[in-house]
Amino acid sequence: MIKVENLFKQFDQTEVLKNINIEFEDGKTYAIIGSSGSGKSTLLRCLNGLEKPTSGKIVIDGVDIVHNEKTLPVLRQKIGMVFQSFNLFAHMNATDNITFALMKVKKMSEADAKQLALEKLTEVGCDHRTTHYPHQLSGGEKQRVAIARALAMKPTVILFDEPTSALDPEMTVEVLKVMKNLTNSGMTIIVVTHEMNFAKEVSDLIIYMDNGEIVEINPPKIFFEQTQSERAKKFLNNML
Amino acid sequence: MIDFTKIYEYIPFIIQGVLITIQLALVGAVGGSILGFIFGLTSRKKNIFGYIVRGIIDFFRGTPLVFQLAFFHYGIPQMVKAFLGVSFVPTAMFSASVIFIINSSAYLAEILRAGIESIDKGQIEAAKALGVKSSDYMLHIIIPQAVRNVLPAIVNEFITLTKETSIASIIGVSELMRRATIITGTTFRYFEPLLIVGITYYIMNKILSNVGKAVEKRLKYD
């Protein structure tokens with residue numbers, strides 16, 4: 001379980017997160033939505049320590065990660081992350097992208113790591129791209145390899161930071177399909193997204209953020225059909 | 001009259017000079033690469049070592065090589081004698097080696113730093129998010145790509161270094177350029193020995209730049 005308490009984050013003079021309090025339960029899927037600059041990505045990046053909060057607590061399985069930077073590398077093995085810009089290692093092929101952390105962090109043998117990489121590439125439908133380099137892959141394939149890379153670490157939580165924002169509609173579909181398959185895997189999934197239909201379809205809870213605050217947390221049915229807050233209503237009117 | 005026959009007997013003498021030039025360039029390139037690598041990584045740090053290394057780099061890039069050679073070879077021994085009372089008399093080759101190593105390391109460190117900064121931060125974040133230690137992602141993710149990106153600049157630095165070894169003649173290293181002057185002194189001919197020496201430098205650097213291109217091709221992944 002991830003528990004966020006009184007979280008603040010400031011960049012210079014700008015307050016990006018203002019008193020965030022939320023709990024993420026194990027095995028559930030969360031969609032964080034809101035307009036650009038609302039602090040969605042910053043909140044997500046705080047959850048695995050890529051951003052250091054100004055104050056507050058993030059407790060993951062009983063450990064406060066904000067005040068224990070030494071435990072971050074170990075903790076990050078449990079929390080996978082998928083980025084908007086894929087961030088594959090440009091000088092490594094698809095398989096090596098996956099085996100690198102398995103061998104360096106999990107100390108797996110090369111043979112075992114390769115086998116697991118192939119398994120995960122098959123799972124995301126990229127087993128025909130094992131020896132391709134990132135520049136030889138389409139955007140959708142890059143993102144699916146990046147998902148395979150995160151999954152291979154066998155995380156209990158996986159964070160998606162606008163995973164389809166850099167993709168065209170066709171490729172978006174193939175990536176969302178892979179993500180949808182993960183929702184029954186027992187992992188906690190937290191997605192920052194602009195894909196309203198996807199959020200509606202797969203998430204257990206929608207978290208609506210605006211101006212650095214969480215405005216509304218509700219199941220998709222309630223959020224989309226009986227929107228509670230004025231700000232969310234306005235946001236949805238603009239979106240749909 | 002142009003007459004190369006007078007120069008024939010000096011060919012072995014010139015070849016010895018080539019060997020000394022190559023030796024100096026190699027010591028500068030290998031030593032400079034190792035030290036430049038250490039400097040390049042340290043200069044990014046915001047601690048006392050970072051300050052010191054940035055100071056060294058700044059000094060060696062901000063003063064002429066001729067000065068550095070003369071200062072180390074003639075100035076430092078005098079200072080050592082005055083303050084420590086011991087006599088320190090380096091050979092010209094030793095002084096030249098030390099200065100070429102440090103001088104080229106200063107430039108290589110800057111090249112490497114630029115290479116590291118050229119790598120998109122996203123890959124570092126991805127590595128961190130996977131729990132990879134910073135030493136592992138620097139060594140296996142960032143540096144290989146950084147070196148590959150700045151390889152043309154590194155080869156350029158090696159070519160400059162090879163040419164600059166000629167400046168070591170002013171402290172008396174009998175490398176290629178100094179030998180041309182010596183031949184002139186005994187034969188009273190300028191054109192012939194200088195032409196031969198010029199062509200020799202050109203051939204050495206042509207080989208170097210072709211090796212660089214071949215390495216670049218081998219390291220290509222996109």
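B:Ser169 touches B:Glu175 and B:Arg178, leaving aside residues up to four places away in sequence. Contact here means heavy atoms within 4.5 Å. The structure is a predicted model, in which local features need pLDDT of at least 70, side-chain atom pairs count only at pLDDT 80 or more, and totals for chains, interfaces and linings use all residues. Residues are numbered from 1 along each chain as its sequence is written, chains are lettered from A and ligands numbered from 1 in the order in which they are written, and side-chain values use heavy atoms, with hydrogens and water left out.

B:Ser169 sits in the loop between α6 (134–164) and α7 (176–187) of chain B. Helices (H or I, at least four residues) and strands (E, at least two) are DSSP runs, numbered from the N terminus. B:Ser169 counts as buried because its relative accessibility is 17%. The terms are set by relative accessible area: buried is under 20%, exposed is over 50%, and partly exposed lies in between (1.4 Å probe, protein chains only). B:Phe83 is 86 residues from B:Ser169 along the chain, and their C-alpha atoms are separated by 29 Å.

Contacts of B:Ser104 were listed without residues up to four places away in sequence; they are B:Gly28, B:Gly32, B:Glu157 and B:Leu161. A polar atom of the B:Ser104 side chain also lies 3.4 Å from the backbone oxygen of B:Ile101. An α-helix has 3.6 residues a turn, so residues three or four places apart point the same way.

Chain B as a whole has eight helices and zero strands. From the N terminus on, its elements run α-α-α-α-α-α-α-α. The C-alpha trace of chain B spans about 70 × 50 × 20 Å along its principal axes. Chain B has 222 residues, and 45% of them count as buried. Among contacts between residues at least 6 apart in sequence, 78% join residues at least 24 apart.

The surface and charges of chain B were also computed. Its accessible surface comes to about 11900 Å², and 68% of that belongs to carbon and sulfur atoms. Accessible areas come from the Shrake-Rupley method with a 1.4 Å probe; for residues, only the protein chains shown count as cover. Chain B carries 21 positive and 14 negative side chains, and the centres of the two sets lie 3 Å apart. Lys and Arg count as positive and Asp and Glu as negative, with His and the chain ends not counted. Each charge is placed at NZ of Lys, CZ of Arg, CG of Asp or CD of Glu.

In chain A, helix α1 (residues 40–47) has seven of its eight residues buried, so the helix is largely enclosed by the rest of the structure. The buried residues include A:Lys40, A:Arg45 and A:Cys46. Just after α1(A), A:Gly49 takes a positive phi of about 80 degrees.

A:Cys46 counts as buried because its relative accessibility is 1%. A:Cys126 is buried too, at 0%. A search of the whole structure finds zero disulfides (pairs of cysteine sulfur atoms within 2.5 Å) over all chains.

A:Gln13 is exposed, with a relative accessible area of 71%. A:Gln13 lies in the loop between β1 (2–11) and β2 (14–24) of chain A. A:Lys52 is 39 residues from A:Gln13 in sequence and 15 Å away in space, C-alpha to C-alpha.

Methods. Polar contact = N/O pair within 3.5 Å; in protein donor to acceptor, adjacent residues only side chain to side chain.
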